[in-house]
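Trainee: Hi, could you walk me through this one? I have the sequence and the model open.

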Amino acid sequence: MSKETSVAPERHAYVGSRAKETTFREWVVANQIGISMTILAMLLALHNLYPSLRPYTQPFFQLSYYDAASNSYVQGWDDVYFVFSAAVALTGIRAIVIEWIIQPMARSAGLKRKQAVRVAEQGWQAMYYSFIWGVGMYLWKNSYYWGDFAPIWSRWPARSLSGLMKWYLLVELAFLVQQIFVIHVEERRKDHYQMLSHHIITSTLLSSAYIYGFYNVSNVVLCLMDVVDFLLPSAKILKYLKFETACNIGFGLFMTTWFITRHIIYPALCWSIYKNVPAQMSYGCYSGSTAEMISDNGYPNTVAYLFGPYFNLENPICMNRTVKWTFLSLLLTLEGLSIVWFSMIVRVAYGVLCGGNAEDSRSDEEDEAEVENQPSHVPVHLAAKDGATPDTIAIDTAPGLDRRRSNGASVRARGRGRVPFDQSDRKALLGRIGCEKPT
């Protein structure tokens, strides 16, 4: 008897110590503010304390390759440093906004802990995407290709661009890179590989278009994709705040905007690539520095010409059917994903509008219980503040509506959240893509 009692405390202590163990992934999620701020502070310290290192640290904090004669920029390898620092900064800013600003405001408004975290996440998405979409629309509205896709291709292969356009494209690319990191830091969800493939395709497409000088089409594509990614979070915030009528209107506006931008204007842009590129861009190879045609043969003997612009700005840049169809295929792949996701959204929304799923409306208590049964996606430090373990908290994400994930506090990527594929998950999906009550 005494032997058993002596062993039991040791066993309980061992089990307790294992329960408190934190993996490296959980540590990163819990300390994302400290990690990001430390990295940036170290770079700033090196930049200010050691002037001899400034040629190496300066690309982290400002745009590179400025041409004073033309008051414009070109691209180069130093842009990678800016993308890295922007991704780190976005990680820290997002965590600060969610944890220190929006979540306390939501709690002060009387929302429960889990609802406050959800509102904070959706609030960050609405803030970021509305801002970056506004910048993109400003560039598009004040461009020579506003209202007509054909001129998009007329000035290629001139590779200079304005400072604002360069900043805009690099920040967008930094956000995409951040999402690839996030989906490996967060707990894996059912759509992990779909999200990973989507982020890889999008970041590959944007970075390749940037290197090849397709800035204008990148601007248009991002504007068409980004607009829906602040409308949905706004509608979801209205849902959590119990403004059901406003939520229904917001969700209807989101679906309408999605259809117009992604299934009418976006295919028109793809058609312009198919039809107008051969007419506006003469097939051949051009000098990387002067943009003058050096050969009307757009098909050199080896495939190395395709990757030449990636390694050196001075290398020739070629345009031919292979280049055109490579970019067009990636764009059409994104359109195919959008069609699949939109069909799911329409199918569920139709059921709600018809009133056939009125019994699926859930109270707050039921919603809280459902959340606790889902995988954890909330940082340890957010959970600890509310006296809960990370395994009892999950983040409400929108299905099929975003191109990117946000950072470690687990906002889902720009709208392709967890999408149920079986009928048993229909109830969860109803609560995630729109207002729970039928119109």
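Trainee: In which hand does helix 10 pass helix 11?

Mentor: Helix 10 passes helix 11 in a left-handed crossing, where the near helix is turned anticlockwise from the far one by less than a right angle. Helices here are DSSP runs (H or I, at least four residues), numbered from the N terminus. Bear in mind that this is a predicted model: local features need pLDDT of at least 70, side-chain atom pairs count only at pLDDT 80 or more, and totals for chains, interfaces and linings use all residues. Residues are numbered from 1 along each chain as its sequence is written, and side-chain values use heavy atoms, with hydrogens and water left out.

Trainee: At roughly what angle do the axes of helix 10 and helix 11 cross?

Mentor: Roughly 165°, with the axes of helix 10 (residues 228-240) and helix 11 (residues 244-280) coming within 8 Å. Axes are lines fitted to C-alpha atoms over the stretch in contact, and angles run from 0 to 180 degrees between N-to-C directions. That makes the two helices roughly antiparallel, the word for angles over 145 degrees.

Trainee: Which residues make the contact?

Mentor: Among them are Leu231 and Leu232 of helix 10 and Phe251 and Trp258 of helix 11, contact being heavy atoms within 4.5 Å.

Trainee: New topic: what is the mean pLDDT of the chain?

Mentor: The mean is 79, and 75% of the residues reach 70 or more; pLDDT is the predictor's confidence in each residue, from 0 to 100.

Terms used:
Parallel < 35°, antiparallel > 145°, perpendicular 65-115°, else oblique.
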